[in-house]
Amino acid sequence: MTAPAPANPPISVHTAASNGWPTARGGLPVVVLRRPGPAILAARLVIRGGSGADPAGQCGAHQLLAGLMTRGCGDLDATALAERVEGAGAALRAEAHEDALVIGLKCAAGDVDELLPLLPAMVRRPRLEPDQLDLERQLNLQALQRQREDPFQMAHDLLRRQLYGTGPYGHDPLGLESDLEGLDATGLSPLVGDLGHQGAVLVLCGDAPERALELIDAALEQPWPTSLPAAARQLELQPQASPSLAFEEEDTEQLVLMLGCATVPMGHADSVSLRLLQAHLGLGMSSRLFTVMREERGLAYDVGVHLPARSGAAPFVMHLSTSADRAAEATSCLLAEWRRLRDQPLSDRELELALAKFRGQDAMGRQTCSQIAERQALVLSQGLPADHVDQALARAAQLRPADLQLAAQRWLRQPQLSLVGPADAIAAAEAAWQADPLSSR
């Protein structure tokens with residue numbers, strides 16, 4: 001009987017250039033990670049820019065463009081493109097994140113010749129047909145409408161505006177309704193010409209053919225605008241704002257609270273410390289917030305910590321939903337937990353558990369070809385070394401409780417609070433906020 005394949009088989013990195021990366025025409029880096037296992041290929045093309053580069057008055061432009069890329073490119077209209085992808089049982093997706101426009105493909109190795117060339121064609125030759133643009137815009141407007149009906153999303157948007165104002169991270173990638181309604185092909189065409197000028201990287205993981213680079217070269221037809229610079233353009237860190245409260249009344253029986261700060265980019269020296277604090281506070285049923293606020297005090301229906309990877313000042317956010325009649329108590333408890341991070345170092349046992357969760361989360365994020373391609377493309381698109389994740393794991397093992405406390409004192413000084421819920425709950429939460437030392441720093 002044949003032995004089962006290991007859960008995480010070894011990966012070999014294809015290198016064909018002096019810097020270790022093969023490049024397509026014009027310098028587009030193409031990183032090939034060959035992984036034994038099923039005959040599948042995952043591809044991830046990350047193009048710097050994203051919704052953070054939406055022009056003024058055109059918030060949502062890059063997400064609209066990303067959606068249109070899947071609705072026809074080159075000689076293929078929307079129907080023909082869908083038939084080619086779905087007829088092969090493949091998955092193709094394009095979306096704008098805050099720092100990048102991302103195209104992902106997952107397909108059988110035998111279909112690579114037909115499907116891999118679609119990625120550069122989608123970027124260089126999207127069709128932008130008026131009927132498809134109208135359809136995609138309506139879908140995005142509907143998504144924004146659904147977000148306005150979700151108290152959690154409403155609180156998130158309030159906090160986003162508190163932290164980033166009208167800056168690059170100040171709006172959801174879907175954009176603003178007022179801007180989105182006025183976007184047409186005339187406004188999107190210049191964005192197509194700009195794609196790639198800030199840098200891009202293509203990562204292939206799985207059963208990649210030797211001719212992968214040739215397929216990309218042929219599909220590009222003309223040189224890629226630029227190669228990937230050594231370091232990503234980091235969005236400027238904004239100064240710490242004075243503590244503030246934002247709220248929106250909603251006729252519900254729950255109150256949603258979000259407490260957060262703008263912190264550091266993915267490659268910053270304090271990033272690993274903040275990620276360990278995130279693991280301590282919000283990962284799993286043994287996490288600090290879950291244990292204190294849900295298990296011990298019964299204050300939260302849902303509780304967690306949000307810390308995305310960004311090239312600029314990433315938000316560190318504690319969030320919870322609680323019953324309206326316990327709004328004041330829940331607010332005071334959440335604020336106390338925030339202050340605890342700065343005033344009291346973790347115990348050795350708490351740090352050990354956070355480190356174990358951090359390592360486990362990393363291991364779970366490397367199980368599939370798609371996960372590996374996604375993570376490697378993110379790291380490289382940020383201008384970080386290919387082994388950045390391994391370096392972060394090694395650094396995490398060296399950190400002590402005092403290091404995490406210092407990072408919290410540097411970056412979690414003046415949090416902002418957003419609330420969504422019924423008027424009486426908001427009033428109770430506001431009173432608790434005004435009585436807490438955090439509101440006056």
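Guide: Gladly! Helices (H or I, at least four residues) and strands (E, at least two) are DSSP runs, numbered from the N terminus. This is a predicted model, where local features need pLDDT of at least 70, side-chain atom pairs count only at pLDDT 80 or more, and totals for chains, interfaces and linings use all residues. Residues are numbered from 1 along each chain as its sequence is written, and side-chain values use heavy atoms, with hydrogens and water left out.

Visitor: Is Ser273 buried or exposed?
Guide: Ser273 sits in helix H10, residues 271-282. Buried means under 20% relative accessible area, exposed over 50%, partly exposed in between (1.4 Å probe, protein chains only). Ser273 has 2% relative accessibility, so the residue counts as buried.

Visitor: Which residues does Ser273 touch?
Guide: Contact means heavy atoms within 4.5 Å. Not counting residues up to four places away in sequence, Ser273 touches Leu399, Asp403, Leu404 and Ala407.

Visitor: What is the relative accessible area of Leu68, and which residues is Leu68 in contact with?
Guide: Leu68 belongs to helix H1, residues 61-69, and is buried, with a relative accessible area of 1%. Leaving aside neighbours within four places in sequence, the contacts of Leu68 are Leu128, Gln132, Leu133, Glu136 and Leu188.

Visitor: How far apart are the end C-alpha atoms of helix H14?
Guide: The expected span of a helix is 1.5 Å times one less than its number of residues. For the 13 residues of H14 (residues 369-381) that rule gives 18 Å. The model agrees, as the end C-alpha atoms are apart by 18 Å.

Visitor: What do the buried residues of H14 pack against?
Guide: Among the buried residues of H14 are Ile372, Ala373, Gln376 and Leu380. An α-helix has 3.6 residues a turn, so residues three or four places apart point the same way. The buried residues of H14 pack against strands S2 (30-34), S3 (40-48) and S8 (200-206), and helix H15 (388-398).

Visitor: Which are the edge strands of the five-strand open sheet?
Guide: Two strands pair if DSSP finds at least two bridges between them. The order in this sheet is S9-S13-S10-S12-S11, with mixed pairing. Pairing on one side only makes the edge strands S9 (245-249) and S11 (302-306).

Visitor: Which residue in S13 does Leu257 stand opposite?
Guide: Strand S10 (residues 254-262) and strand S13 (residues 416-421) run antiparallel, joined by five bridges. Across from Leu257 stands Leu419.
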